[in-house]
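The entries below follow the order in which I went through them.

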Amino acid sequence: MTMKRIIEKLMMAVVLIAAAACSKEEGEPKKYIDPAFVGEWHLTEATSEGVTINDNLDVYIVLNEDGSFEIYQQNLEEQLRYDKYTGTYYCQSGLMTGVYSDGKSWGAKYIPSVSDDRLTLKSNDFMEVQKYKRESLSEEEKQDASIVSVKSSASVYSPIL
């Protein structure tokens, strides 16, 4: 192989690598799961426009490292059990968002932050703030939870919706 052919092949390789790098930069920002948010969280406070949302609402969120989530919300009619919602979530461009198993998106995108076993989710329009502490629902309560579809639920009060 002549030196000219070697240089041509090297130049072609550089052009292909540069094109691939540019196409990645121009595309949609990468979706990712931030390990800091993975875990089980218990809602301690939820506000909308500075006003507390239903003090009696008991909600647990499980954010898994595979991008799946489970939300356990105390059933307001049968206070002794929880309703279970499932789906997937991810972070992108500093925001957390999700989609329920039935295809309905979360009610907003959230700016998440974690500090000392506390998770805060602020809606991207800053109208809603949810605060959680790292705490698990018992396995028995998880097993007794009724799986609910967001679209078919008549009364969904979960702050994440």
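**Entry 1: the loop between β7 and β8**

I started with Asp117, which is found in the loop between β7 and β8. I take helices (H or I, at least four residues) and strands (E, at least two) as DSSP runs, numbered from the N terminus. This is a predicted model, in which local features need pLDDT of at least 70 and side-chain atom pairs count only at pLDDT 80 or more, while totals for chains, interfaces and linings use all residues. Residues are numbered from 1 along each chain as its sequence is written, and side-chain values use heavy atoms, with hydrogens and water left out.

Asp117 is not a glycine, yet its phi is positive, about 60°. Asp116 lies in that loop too, between β7 (110–115) and β8. Its phi is near 50°, again a positive value in a residue other than glycine. I note for context that most residues other than glycine have a negative phi.

Are these two residues buried or exposed? I use buried for under 20% relative accessible area, exposed for over 50% and partly exposed for in between (1.4 Å probe, protein chains only). Asp116 is exposed, because its relative accessible area is 71%. Asp117 has 45%, so I list Asp117 as partly exposed.

**Entry 2: confidence**

I then checked pLDDT, the predictor's confidence in each residue, from 0 to 100. The protein has a mean of 82, and 77% of its residues reach 70 or more. Over residues 18–24 the pLDDT stays under 50, and the model has zero contacts beyond four places in sequence for them. Contact here means heavy atoms within 4.5 Å.

**Entry 3: fold and totals**

I counted two helices and 10 strands. Along the sequence the pattern reads α-β-β-β-β-β-β-β-β-β-α-β. Of the 161 residues, 33% are buried. Taking contacts between residues at least 6 apart in sequence, 50% join residues at least 24 apart. The accessible surface comes to about 10000 Å², with 52% belonging to carbon and sulfur atoms; these areas come from the Shrake-Rupley method with a 1.4 Å probe, and for residues only the protein chains shown count as cover.

**Entry 4: aromatic rings**

How many aromatic pairs does the structure hold? I found five. Rings of Phe, Tyr and Trp (its six-membered ring) pair if their centres lie within 6.5 Å; planes under 30 degrees apart count as stacked, over 60 as edge-to-face and the rest as tilted.

The ring centres of Tyr60 and Tyr82 are 6.1 Å apart with planes at 70°, so I recorded the pair as edge-to-face. Tyr60 sits in strand β3 (residues 59–63) and Tyr82 in strand β5 (residues 82–92), 22 residues apart. Both Tyr60 and Tyr82 are buried.

For Phe69 and Tyr100 the centres are 5.4 Å apart and the planes at 85°, so this pair is edge-to-face. Phe69 belongs to strand β4 (residues 68–74) and Tyr100 to strand β6 (residues 95–100), so the pair ties together parts 31 residues apart in sequence. Phe69 and Tyr100 are both buried. Ring pairs also link Phe69, Tyr85, Tyr100, Trp106 and Tyr110 into a cluster.

I found Lys31 over the face of Tyr90, 4.6 Å from the ring centre. A charge sits over a ring if NZ of Lys or CZ of Arg is within 6 Å of the ring centre and within 35 degrees of the ring normal.

**Entry 5: cores**

I take a nonpolar core as a set of buried Ala, Val, Leu, Ile, Met, Phe, Trp, Tyr and Cys residues joined through side-chain atoms within 4.5 Å. The largest has 23 residues, and Leu63 and Met96 touch the most other members. At least two residues of this core come from each of β1 (39–48), β3, β4, β5, β6 and β8 (118–123). Beyond four places in sequence, the contacts of Leu63 include Phe37, Trp41, Phe69, Met96 and Leu119. A second, separate core of six residues includes Tyr60, Val62, Leu137 and Ala145.

Ser68 is in strand β4 and, at 21% relative accessibility, counts as partly exposed. Its C-alpha is 9.0 Å from that of Gly98, 30 residues apart in sequence. Thr120 is in strand β8 and is buried, with a relative accessible area of 17%. Leaving aside neighbours within four places in sequence, Thr120 is in contact with Ile111, Pro112, Ser113, Val129, Gln130 and Lys131.
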